[in-house]
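User: Please take a close look at the aromatic contacts in one part of this model. Which rings pair, and where do they sit?

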2 protein chains.
Amino acid sequence: MGTVPATRVSRLPSGTSRHAQATRFDRRLEKILGHATEVFCRKGFEGASMRDLSRATGMSLAGLYHYCESKEQLLFLIQKHTFSTILEKLKAQLANVTDPEERIRMFILNHLQYFVSNQRGLKVLSHEDESLQNGLSSEIAGIKREYYRICLGLMEDLRRKRGLDFNTRTAVMSLFGMINWIYTWYKPRVDGNAEALAEQMGDIILNGIVHSGNRQKKKDQILKGHLTSRNLRHR
Amino acid sequence: MGTVPATRVSRLPSGTSRHAQATRFDRRLEKILGHATEVFCRKGFEGASMRDLSRATGMSLAGLYHYCESKEQLLFLIQKHTFSTILEKLKAQLANVTDPEERIRMFILNHLQYFVSNQRGLKVLSHEDESLQNGLSSEIAGIKREYYRICLGLMEDLRRKRGLDFNTRTAVMSLFGMINWIYTWYKPRVDGNAEALAEQMGDIILNGIVHSGNRQKKKDQILKGHLTSRNLRHR
DNA sequence: CATACGTTCGAACGTTCGTTCTAATTATAA
DNA sequence: TTATAATTAGAACGAACGTTCGAACGTATG
């Protein structure tokens with residue numbers, strides 16, 4: 001094993017007219033990745049076989065291997081493309097917003113918008129989080145870490161600017177839970193579009209942390225709610 | 001295929017002294033389920049082989065099949081036992097609480113307490129949600145539905161009693177996301193015990209929905225916060 | 001002792017797995 | 001056209017899969 005790289009993911013040097021050639025290969029690979037996403041989503045990474053992918057793409061097994069090195073690399077390409085796209089869109093959207101609260105709302109909206117437009121990809125990203133090994137795994141983990149740190153930064157900004165007292169790690173992880181778990185239950189006809197959902201989830205997490213710490217004896221709460229009041233509780 | 005049930009999960013009629021015999025079989029099966037949980041958790045259901053389980057339990061392959069009918073049934077037994085236990089504990093704990101808010105807090109606490117005491121089991125339950133087929137799948141789905149409906153009922157009670165206006169389905173699903181996603185990030189040394197986490201998540205979801213709907217133009221919010229005020233927004 | 005039964009095992013069943021080999025076919029460049 | 005390289009497929013590789021078989025073991029009751 002391990003000899004002769006042979007087929008590269010995207011080879012820039014290609015003898016012929018370069019443009020048509022490269023895009024032809026890449027377009028074909030993109031189609032394959034689309035079908036692979038659907039199959040991985042439906043059967044899981046381990047549960048899906050290369051023969052399933054062969055059937056889904058209408059290619060032979062050997063034909064598939066002309067465009068990728070392994071089944072694992074297909075998953076890697078799907079996850080990397082999905083995650084990179086989300087991250088890229090996020091940065092673009094965050095550039096237009098300065099208010100800490102609105103930035104968190106934008107984070108949620110961006111995630112849910114992408115989810116609605118590419119449900120299968122995001123499920124494969126979330127659900128097959130542990131399916132890659134070694135080098136491939138760590139590259140995805142790097143993007144994930146950046147995504148996490150951005151969100152953590154948004155939380156810390158809000159916390160600082162409003163003088164709040166809450167655990168930012170727990171808040172971020174809870175938010176991630178809300179927006180990632182969605183692939184297990186979301187139905188467009190029932191749950192509305194990304195904007196509506198993002199607003200609800202934004203309400204929950206933001207009001208949740210802004211008012212965090214004032215455990216109410218029922219009626220007490222009515223008089224509270226001042227934004228800058230520091231409600232000091234746990235950690 | 002399909003002939004001779006042979007090995008039953010737990011046979012009540014057993015020739016000998018009945019007690020010692022039945023418990024011996026059941027105890028052995030319990031050990032196997034414990035090891036299977038660990039392996040399924042680490043490698044995933046599809047990724048784990050019966051030979052992995054054989055190695056983990058120290059038994060031969062054929063020995064394993066003396067205690068179960070299939071790999072799928074092992075997953076089923078794990079999921080059913082885990083889910084049933086959570087549900088049972090939940091009902092017991094809810095019996096002592098009447099206040100709607102405290103009941104939701106109890107729901108969260110019960111879930112997290114069980115998670116901390118059986119992390120692997122809960123991961124196998126959450127992560128392998130789609131790994132069972134047909135009959136086995138639908139039995140677990142039934143328990144899941146009951147669990148969901150209990151939580152939905154708690155939300156609706158709170159909503160009704162406080163005259164709130166929020167989408168209960170979204171709230172429940174968001175809460176489920178928070179408490180289920182935890183298996184991807186929880187570290188005891190970093191994140192504290194179940195009680196601390198349950199309080200934080202309880203703060204988020206409860207303050208989140210109680211104050212839901214009052215999207216603030218920053219300073220507006222200070223004057224709001226009245227519990228029974230109906231803030232009419234989305235849907 | 002003999003009988004019966006729960007328990008365990010090595011070995012093998014047939015199938016499917018991810019991957020590769022070789023050769024044929026197609027498109028492009030000279 | 002011919003030469004070159006990209007693309008495809010049939011068939012097969014060895015390994016691993018879930019499961020089963022038949023025989024042995026241990027123990028306890030008749």
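Analyst: **The rings around one tyrosine**

Tyr148(B) counts as buried because its relative accessibility is 17% (buried is under 20% relative accessible area, exposed over 50%, partly exposed in between, with a 1.4 Å probe on protein chains only). This is a predicted model: local features need pLDDT of at least 70, side-chain atom pairs need 80 or more, and totals for chains, interfaces and linings use all residues. Residues are numbered from 1 along each chain, chains are lettered from A and ligands numbered from 1 as written, and side-chain values use heavy atoms, without hydrogens or water.

Over all chains, the structure holds 16 aromatic pairs (Phe, Tyr or six-membered Trp rings with centres within 6.5 Å; stacked under 30 degrees, edge-to-face over 60, otherwise tilted). Phe107(B) and Phe176(B) are stacked, because their planes are at 0 degrees, with centres 6.0 Å apart. They join helix H5 to helix H8 of chain B, across 69 residues (helices are DSSP runs of H or I, at least four residues, numbered from the N terminus). Both Phe107(B) and Phe176(B) are buried.

Phe176(B) also pairs with Tyr148(B), edge-to-face: 6.3 Å between centres, 85 degrees between planes. Tyr148(B) lies in helix H7 and Phe176(B) in helix H8, so this pair ties together parts 28 residues apart in sequence. Phe176(B) has a relative accessible area of 9%.

H5(B), the helix of Phe107(B), is mostly covered, with 13 of its 18 residues buried.

In chain A, Phe83(A), Phe107(A), Tyr147(A), Tyr148(A) and Phe176(A) form one aromatic cluster.

Conventions:
Helix = DSSP H or I, 4+ residues; strand = E, 2+ residues; numbered from the N terminus.
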